[in-house]
Amino acid sequence: MAQERCAVVGLGYVGIPLSALLASKGYDVVGIDVLRERADAVNAGKLPLKGDEPGLGEMLARVVKKGKLRATTSFSACKDRSAIFVCVDTPIDADKRPDNSKLEGALTWIGRNMREGAMVVVESTLAPETMSSVVAKTLERESGMKLGKDFKLAHCPERVMPGRLLFNITHYDRVIGGIDRQTIKRATAIYSKLTRGKLHPTDLITAEIVKTAENAYRDVQIAFANEVALICEKLGADAFEVRRLVNTCPFRDMHLPGAGVGGHCLPKDPWLLTQSGKAANPKLMPTARAVNDSMPFHVLDLAANALRRTGRTVEDSVVAVMGASFLQDSGDPRNSPSIPVIESLRGAKGLRVHDPFLEEIAGTDTVKDWKKALEGADLAVFMVSHKAYARISPQTIKKIMRTPVIVDGRNIFSSEKMKKAGIFYIGVGKGFSE
Ligand SMILES: NC(=O)c1ccc[n+]([C@@H]2O[C@H](COP(=O)([O-])OP(=O)(O)OC[C@H]3O[C@@H](n4cnc5c(N)ncnc54)[C@H](O)[C@@H]3O)[C@@H](O)[C@H]2O)c1
């Protein structure tokens with residue numbers, strides 16, 4: 001078969017690295033997004049994503065300059081494309097049910113514009129059975145074509161992570177679900193050029209379940225670590241030492257506890273899985289979600305307790321929230337655990353939010369210089385383990401804060417060093433040092 005001509009629909013954290021990588025492997029690629037600024041940024045060779053993404057900006061600039069990648073807001077660009085990748089966001093609604101409106105919007109326009117013989121590959125994460133109940137049906141209805149005979153369908157869920165987009169997409173194994181062997185072979189021919197990881201062929205429903213289960217599994221593991229951390233706090237033990245020792249036992253992989261779970265994926269993928277599987281009455285995954293969602297509020301409790309020990313309240317304190325993105329050294333604010341913390345601390349006498357990668361979060365402008373955020377503050381809540389924070393010394397904290405009270409949501413600092421420097425220090429999963 002001749003070289004596929006590719007379209008990538010949705011130019012975000014998934015679609016951008018995919019388009020750039022496909023183009024770098026010699027494919028002719030057009031990116032399509034409803035947001036004009038996304039398409040304009042790509043056409044200017046500029047990465048429309050915040051945060052540190054090693055190698056990706058350079059790759060994007062190179063392939064755009066070479067003429068291998070261009071972007072548009074018009075779905076008519078699908079007309080001469082043989083392989084169309086769908087990378088739009090697939091959120092949940094307020095009732096935790098899949099919100100497929102963006103997916104259906106994209107598929108409607110793809111269906112109206114795609115040509116016979118096209119292969120549509122969905123990379124977005126889906127509630128199991130969406131490929132058959134939404135994707136196939138929308139494409140058949142809008143194109144007037146028959147699945148299998150006139151066009152092909154595959155589901156190759158993405159495994160990238162902000163901060164590691166290019167690394168993951170070029171190194172990780174991929175699961176390729178297809179409607180038949182021929183489609184899997186065709187998709188495999190493309191993905192084998194993109195990743196040095198193994199490719200695992202399967203059917204559509206299995207691929208859908210694998211993706212949502214792998215993220216739900218991680219969410220449950222983090223919830224377990226968080227629950228152990230809460231127990232350790234009550235018993236006066238250090239959860240990180242407990243974790244280290246637990247993991248000396250073979251076949252144990254206790255995760256890190258922390259101030260909460262954010263991002264576009266982990267907070268919603270367990271719901272995609274449990275919604276589709278609700279006939280099985282799943283209990284563990286919703287409980288894990290509740291545990292992880294409660295962690296930012298636990299951090300707030302720790303903060304209020306620590307302040308009380310110094311004779312202060314939130315209302316008469318200047319508070320610094322350190323870190324606003326959901327992940328270390330990323331500019332992705334989606335579902336960040338910092339958001340409920342910032343919102344709950346609005347009643348403080350002063351509120352500063354520091355983040356090296358974000359200008360604004362939850363309607364609050366961020367401070368770029370961590371010293372400015374900490375200077376004269378009475379409480380600093382570390383929500384994200386941005387690398388820059390590891391370089392802040394207890395002595396500097398003691399010197400520049402008015403009342404040096406630290407709540408560490410990410411195990412950034414050593415309890416002992418903080419205690420030695422005379423700092424009120426409390427952390428998720430740690431005892432209190434004074
Ligand atoms: N972000 C991650 O790390 C990650 C990792 C693995 C899987 N995923 C999954 O990949 C999918 C995309 O996630 P993302 O983080 O790239 O989202 P994103 O929000 O960064 O990007 C999605 C893009 O799709 C565009 N879009 C929305 N509706 C559209 C439409 N109808 N037509 C054209 N473009 C449209 C948006 O404007 C946006 O630019 C989701 O299903 C997500 O769960 C994300």
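This is a predicted model: local features need pLDDT of at least 70, side-chain atom pairs count only at pLDDT 80 or more; totals for chains, interfaces and linings use all residues.
Me: What is the handedness of the crossing of H4 and H5?
Reply: H4 passes H5 in a right-handed crossing. On the H4 side the contact is made by Leu103, Glu104, Leu107, Thr108, Ile110, Gly111 and Arg112, and on the H5 side by Thr130, Val134, Val135, Thr138, Leu139, Arg141, Glu142 and Ser143. By class, the residues of this contact are 6 nonpolar, 5 polar and 4 charged.

Me: Why is H1 called oblique to H3?
Reply: The axes of helix H1 (residues 15–24) and helix H3 (residues 56–65) cross at roughly 55° and come within 9 Å. Angles under 35 degrees count as roughly parallel and those from 65 to 115 as roughly perpendicular; the crossing angle of roughly 55° therefore makes H1 oblique to H3. The crossing itself is left-handed.

Me: What makes up the contact of H1 with H3?
Reply: Ile16, Pro17, Ala20, Leu21, Ala23 and Ser24 of H1 meet Leu56, Met59, Leu60 and Val63 of H3. These residues divide into 9 nonpolar, 1 polar and no charged.

Me: Why are H8 and H11 described as oblique to each other?
Reply: Helix H8 (residues 204–235) packs against helix H11 (residues 284–309) at an angle of about 45°, with the axes 8 Å apart. Since roughly parallel requires an angle under 35 degrees and roughly perpendicular begins at 65, H8 and H11 are therefore oblique. Their crossing is left-handed.

Me: Which residues meet where H8 and H11 pack?
Reply: H8 contributes Ala216, Asp219, Val220, Ile222, Ala223, Asn226, Glu227, Leu230 and Glu233, while H11 contributes Leu284, Met285, Ala288, Arg289, Val291, Asn292, Met295, His298 and Leu302. The contact has 11 nonpolar, 3 polar and 4 charged residues.

Me: How do you know that domain 1 and domain 2 are in contact?
Reply: The domain assignment gives domain 1 as 5–202 and domain 2 as 206–434. Contact requires heavy atoms within 4.5 Å, and 28 residues of domain 1 are in contact with 26 residues of domain 2. The C-alpha centres of the two domains lie 33 Å apart.

Me: What area do domain 1 and domain 2 bury between them?
Reply: Domain 1 and domain 2 bury about 2200 Å² between them, 65% of it on carbon and sulfur atoms. In domain 1, Lys96, Thr125 and Pro128 lose the most area to domain 2, together 24% of what that side buries.

Notes
Residues are numbered from 1 along each chain as its sequence is written. Side-chain values use heavy atoms; hydrogens and water are left out. Axes are lines fitted to C-alpha atoms, for helices over the stretch in contact, and angles run from 0 to 180 degrees between N-to-C directions. Helices (H or I, at least four residues) and strands (E, at least two) are DSSP runs, numbered from the N terminus. Angles under 35 degrees count as roughly parallel, over 145 as roughly antiparallel, 65 to 115 as roughly perpendicular and the rest as oblique. A crossing is left-handed if the near helix is turned anticlockwise from the far one by less than a right angle, and right-handed if clockwise. Ala, Val, Leu, Ile, Met, Phe, Trp, Tyr, Cys and Pro count as nonpolar, Asp, Glu, Lys and Arg as charged, and the others, Gly among them, as polar. Domain bounds come from an automatic or database domain assignment. Buried area is the accessible area (1.4 Å probe) that two parts lose on being put together, summed over both.
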